[in-house]
Amino acid sequence: MVIPGMILLGIAFALSFPSLNIQATNGVDDDEQGLASGLLNTSGQVGGAIVLAVVTAVLTSGGGETISIGSLRAAIVVSLVLALVGLAISATGLRARKGVPAVAEDVKAYETV
């Protein structure tokens, strides 16, 4: 039962990480692309650690040695809410970038020189 989910997760990671790295370094000077890529990877690791800590705290908040269904549901809801918040933040960033493409801005900079 776990293998189909793991296969889909692996495919999703393989498709999303190159796209994220391309977007993170898009429009960044060549000498600063390593910095931009490092910031992306660091923020992903720190964010994952924080989310793991929050979900674990919610999951174990019931006390006792066993995990109750209520605390499991609460942990799933917290994960869902955090994912939706991330989606909303991403959507607002995408909407703000729909202006002039970066290539057109570079052409205008060369025309003024």
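These legends accompany close-up views of a predicted model of a single chain.

View 1. The secondary structure comes to four helices and zero strands, and from the N terminus on the order of elements is α-α-α-α. The chain has 113 residues, and 4% of them count as buried. Its accessible surface comes to about 9200 Å², and carbon and sulfur atoms account for 70% of that area.

**View 2. The largest pocket and the helices around it.** Here we move in on the largest pocket, which holds about 490 Å³ of space. Which of them gives the most to the lining? That is α2, with eight residues.

**View 3. The lining of the largest pocket, residue by residue.** Staying with the largest pocket, we can now look at its 14 lining residues. Nearest the centre lie Phe17, Leu20, Leu40, Ser43 and Gly44. By residue class, the lining divides into nine polar and five nonpolar residues, with no charged ones.

**View 4. A nonpolar patch on the surface.** Met1, Val2, Met6, Leu9, Phe13, Phe17 and Leu20 make up this patch. Together these residues have about 810 Å² of accessible area. Is Phe13 buried or partly exposed? Its relative accessibility is 42%, so Phe13 counts as partly exposed.

View 5. Next comes Ser37, a residue of helix α2. With a relative accessible area of 21%, Ser37 is partly exposed; buried would require a value under 20%. How far apart in space are Ser37 and Gln23? From C-alpha to C-alpha the distance is 9.6 Å, while in sequence Ser37 and Gln23 are 14 residues apart.

View 6. Why does Val55 count as buried? Its relative accessibility is 16%, and buried means under 20%. Alongside it, please look for Ile76: Val55 and Ile76 are 21 residues apart in sequence, and their C-alpha atoms are 8.0 Å apart in space.

How values were computed: Residues numbered from 1 in each chain as written. Predicted model: local features only at pLDDT ≥ 70, side-chain atom pairs only at ≥ 80, totals over all residues. Heavy atoms only, no water. Helix = DSSP H or I, 4+ residues; strand = E, 2+ residues; numbered from the N terminus. Buried < 20%, exposed > 50% of the residue type's maximum accessible area, 1.4 Å probe, protein only. Areas by Shrake-Rupley, 256 points an atom, 1.4 Å probe, with all protein chains shown as cover. 1 Å grid on protein atoms, 1.4 Å probe; cavity = no way out; pocket = protein on both sides within 12 Å on 5 of 7 lines; lining within 4 Å. Points joined across faces, edges and corners; volume = space filled by probe spheres on them. Nonpolar A, V, L, I, M, F, W, Y, C, P; charged D, E, K, R; others polar. Patch = residues over 30% accessible without salt bridge, like charges linked within 9 Å, V, L, I, M, F, W, Y side chains within 5 Å. Salt bridge = Lys/Arg side-chain N within 4 Å of Asp/Glu carboxyl O.
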